[in-house]
Amino acid sequence: QIPDDPAATIWDVVVVGTGMGGATAGYALARAGHRVLFLEKGRFLHREADRGDGRIDPYASNAPEARLHRGHWPTPLEGETSFGSLEFFAPLGCGSGGSTALYGAALERLTRDDFTPKRNFPDAVGANLPESWPIRYEELEPYYERAEQLYRVRGDEDPLRPGYGAGLGKPPGLSARDQELTEFLRGAGLHPYRVHVGCGFVDGCQECGGALCPRECKSDAGTICLLPALEKFGAKILPECEVTRLVASESAVQE
């Protein structure tokens with residue numbers, strides 16, 4: 001899916017990054033018949049790529065090439081703290097699927113209360129919290145439903161928010177340990193429910209939090225959107241292609 005001469009094609013859409021936002025948008029545009037080119041800083045980590053066994057290796061090298069092979073951002077971030085300068089590796093992905101290649105696949109919605117933030121913090125006197133968002137939860141709800149279907153989200157209905165999660169796929173049964181914990185929490189008057197997760201839960205599923213999924217079980221953006229865009233709808237990709245600037249006018253991006 002790598003074009004021989006990308007500069008020779010007039011692309012309808014060039015998508016920078018193949019994470020949750022870029023891969024999902026590019027998939028929708030390619031499916032609608034547009035000529036889409038994905039640009040990805042990291043490697044193409046799907047299909048024939050070595051994706052490991054789904055476990056985190058605590059002794060893995062943090063050399064940039066080794067991190068890129070595992071789908072991790074290759075270099076540490078730099079910051080200033082009260083203790084001085086600091087370098088640390090953030091939980092960011094780099095490669096096809098972006099950070100979703102590593103995430104735990106929890107895909108909860110925002111709630112209706114999130115759209116009226118000031119009401120939730122009555123004691124925050126003088127804060128510049130808005131009374132409400134410029135859009136309402138009800139406007140996003142149909143898109144949440146479509147996204148949950150696309151990303152194969154499973155989970156229980158939230159007992160404290162009737163209807164929230166009602167249409168999701170059913171998760172697998174709880175383990176004996178988790179069932180005991182759930183019953184204990186309910187007995188204490190609490191309302192536990194299964195977190196909403198994008199996962200196929202195939203046989204042998206390890207949920208692969210923090211690691212690449214070798215079974216296409218976890219709903220990362222590369223598996224769910226990027227691959228279909230490339231293999232079914234004619235999109236192309238340039239991996240190991242870092243975008244350093246955009247040259248744009250008021251109406252178009254020239255380069």
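Select Thr-18 and display what surrounds it: leaving out residues up to four places away in sequence, Thr-18 touches Ala-23, Phe-38, Glu-40, Gly-95, Ser-96, Gly-97, Gly-98, Ala-221, Leu-226 and Ile-237. Bear in mind throughout that this is a predicted model. Thr-18 is found in the loop between strand 1 (13-16) and helix 1, and its relative accessible area of 0% places it among the buried residues. If you now show side chains, you can pick out a polar contact of 2.7 Å between the side chain of Thr-18 and the side chain of Glu-40.

From there, colour helix 1 and helix 5. Two packed helices are described by the angle between their axes and the distance between the axes. Here helix 1 and helix 5 pack at an angle of about 30°, with their axes 8 Å apart, and helix 1 passes helix 5 in a left-handed crossing. To see which residues form the meeting, select Met-20, Ala-23, Thr-24, Tyr-27 and Ala-30 on the helix 1 side, and Ala-221, Cys-225, Leu-226, Pro-228 and Ala-229 on the helix 5 side.

Stay in helix 5 and select Leu-227, which is buried, with a relative accessible area of 3%. Setting aside residues up to four places away in sequence, Leu-227 touches Phe-44, His-46, Arg-47, Glu-216, Gly-222 and Lys-232. For a sense of scale, draw a line from the C-alpha of Leu-227 to the C-alpha of Pro-159: these residues are 68 apart in sequence and 36 Å apart in space.

Next, go to Leu-45, in the loop between strand 2 (36-39) and helix 2 (64-69). Leu-45 counts as buried, at 5% relative accessibility. A C-alpha to C-alpha line from Leu-45 to Arg-70 spans 8.4 Å, although 25 residues separate the two in sequence.

The following stops concern aromatic rings. A pair of aromatic rings is described by the distance of the centres and the angle of the planes. How many aromatic pairs are there? With ring centres required to lie within 6.5 Å, the count comes to 4 aromatic pairs. Select Tyr-27 and Phe-233, whose ring centres are 6.0 Å apart and whose planes stand at 65°, so that the pair is edge-to-face. Because Tyr-27 lies in helix 1 (residues 20-31) and Phe-233 in the loop between helix 5 (221-231) and strand 7 (236-238), the pair ties together parts that are 206 residues apart in sequence. Tyr-27 is buried at 11% relative accessible area, whereas Phe-233, at 30% relative accessibility, counts as partly exposed.

Then select Phe-115 and Tyr-137, where the ring centres are 6.0 Å apart and the planes are at 80°, so this pair is edge-to-face too. Phe-115 lies in the loop between strand 4 (84-88) and helix 3 (137-150), and Tyr-137 in helix 3, so the pair ties together parts that are 22 residues apart in sequence. Both Phe-115 and Tyr-137 are buried.

As a last stop, select Arg-161 and Tyr-164: Arg-161 lies over the face of Tyr-164, at 3.9 Å from the ring centre.

Note on methods: Residues numbered from 1 in each chain as written. Predicted model: local features only at pLDDT ≥ 70, side-chain atom pairs only at ≥ 80, totals over all residues. Heavy atoms only, no water. Phe/Tyr/Trp six-rings, centres within 6.5 Å; stacked < 30°, edge-to-face > 60°. Helix = DSSP H or I, 4+ residues; strand = E, 2+ residues; numbered from the N terminus. Buried < 20%, exposed > 50% of the residue type's maximum accessible area, 1.4 Å probe, protein only. Lys NZ or Arg CZ within 6 Å of the ring centre and 35° of its normal. Contact = heavy atoms within 4.5 Å. Polar contact = N/O pair within 3.5 Å; in protein donor to acceptor, adjacent residues only side chain to side chain. Axes fitted to C-alpha atoms, helices over the stretch in contact; angles between N-to-C directions. Left-handed = near helix turned anticlockwise from the far one by under 90°.
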